[in-house]
Amino acid sequence: MRLASVQARARRAAEEREEPPPGPAPPSTHHSDHQFKNMKSKFFNELTHMPNHKLKMPMWAIGAIVVVVLALVACLGFCIWKKCINKGKKPKKVRERKGGRGRRKKEGAGEGEEGKEGEGKEGEEEEKENFGKLEFTLDYNFTDNQLIVGILQAENLAAMDMGGTSDPYVKVYMLPDKKKKFETKVQRKNLCPVFNETFIFKIPYQELGGQTLVLQVFDFDRFGKHDVIGQISIPMNSVDLAQPLHEWRDLVGGEKEEVEKLGDICISLRYVPTAGKLTINIMEAKHLKAMDCGGLSDPFVKVVLQHQGKRLKKKKTTVKQNTLNPYFNESFSFEIPFGQIQKVQVLITVYDYDKLGSNDAIGKVWIGFGASGVGLRHWSDMLANPRRPVAQWHALCPEEEVDEALKKPLR
């Protein structure tokens, strides 16, 4: 018993020794608030009085920076939102456009037709303005069965050259036969040319009603094909020939005459007045009409020199086998005194050579006195540039047409 009581006392004494001593009493609330205020004031004092290498700006500046940053974030968010919204709406707009086409076509059919008519009229007016106008006269001589066509002048022609001008001339012929064709002189670099030329077609009055008079305005090109500017077609059954006709008409678009299917030939002319020497160089031809069964031709060129309708001399080139684009480069010289050169005519005919039969004429060109259009212009250029070769492309015409024109009295 005594031993158990001794052990119990020893345990109680050990527990008393292990129990920690009571801590200090908690500070009062008033003391804590005062300490927090001191720390806060100390922090702001340090913030506003920091050295230059750390931070030195007032509080209002910091607030302004914060506001700017928030504004930028807001703008960026708005842009992102708008972009997302537009992406979502694009398919809807596309569907509306696709689906609304039919409705617009049905609902605005009347307006569309009126709009098309208005656009068509405006387009026609623009085309007419671009083509220009032509002044001409028509008269018929019942005694001699002659249709007299006068080409007076043109205005506001379309500019076909790079310099903003044209070199116009007028071609006059009758449809459907196209046998008689006339050309005015070329007016260089002139969009309002004056021609004042007259042409005569000898046609019985009974046959005149079924024909159409065509006035075509071309832009002359020395080194290529001539471009058509515009044309006027006049059905003769719509014209009262009992009295002369004098009027302006708008040119309309027209295709170039198919006469060039015969081909083109390049010729160089040179005249030396002091020596009285005329040199004709047959340079080349292109796009000749195929005369053989194989779709080719054997072309050669015959040059005939005439003076007042009397044949003086003739020359021939060599034959080029199986080609529609022959290259000749052959020259022929003729002695022509200066006093006669003004009345000389040069007739150049391209033939297809045939061993077993007669040679067939492909086309013919008339240059010199009495010629018109390109033929007259080329001759004039040669006389205006003595001792200098002048080259020019000529469109081949049917042989019968040139021969018929040569029989008429020269103007």
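User: Is isoleucine 65 buried, partly exposed or exposed, and what is its relative accessibility?

Analyst: Buried means under 20% relative accessible area, exposed means over 50%, and partly exposed lies in between, with a 1.4 Å probe and protein chains only. Isoleucine 65 counts as partly exposed, at 47% relative accessibility. This is a predicted model, in which local features need pLDDT of at least 70 and side-chain atom pairs count only at pLDDT 80 or more, while totals for chains, interfaces and linings use all residues. Residues are numbered from 1 along each chain as its sequence is written, and side-chain values use heavy atoms, with hydrogens and water left out.

User: Where does isoleucine 65 lie, and what does UniProt place at residues 59-81?

Analyst: Helices (H or I, at least four residues) and strands (E, at least two) are DSSP runs, numbered from the N terminus. Isoleucine 65 belongs to helix H3, residues 59-107. The unreviewed UniProt entry places the feature "transmembrane region" at residues 59-81; such annotations may be inferred rather than shown by experiment, feature names are shortened, and positions are given in the numbering used here. In the model, the span 59-81 is 100% helix and 0% strand, and its end C-alpha atoms lie 33 Å apart.

User: How many bridges join E3 to E6, and which residue stands opposite valine 172 in E6?

Analyst: Eight bridges join E3 to E6, and leucine 215 is the residue opposite valine 172 in E6. Strand E3 (residues 168-175) is also joined to E4, by three bridges, where valine 172 faces phenylalanine 182. E6 and E7 pair over eight bridges, with serine 233 in E7 as the bridge partner of valine 214. Seven of the eight residues of strand E6 (residues 212-219) are buried, so this strand is largely enclosed by the rest of the structure.

User: Which residue forms a salt bridge with lysine 171?

Analyst: Side chains of opposite charge can pair when their charged atoms come close. A salt bridge is a side-chain nitrogen of Lys or Arg within 4 Å of a carboxyl oxygen of Asp or Glu. The structure holds seven salt bridges. Lysine 171 pairs with glutamate 183, their closest N and O atoms being 3.7 Å apart. Lysine 171 is buried, at 10% relative accessible area, and glutamate 183 is buried at 17%.

User: Which residues are linked with Asp381 in a network of salt bridges?

Analyst: The network links Asp167, Arg188, Arg377 and Asp381. Aspartate 381 and arginine 188 meet at 3.7 Å, N to O. Aspartate 381 lies in helix H6 (residues 374-384) and arginine 188 in the loop between E4 and E5, so the pair ties together parts that are 193 residues apart in sequence. Arginine 377 also forms a salt bridge with aspartate 381, at 3.6 Å between the closest N and O atoms; both lie in helix H6, four residues apart, about one turn of the helix.

How values were computed: Pairing = 2+ DSSP bridges.
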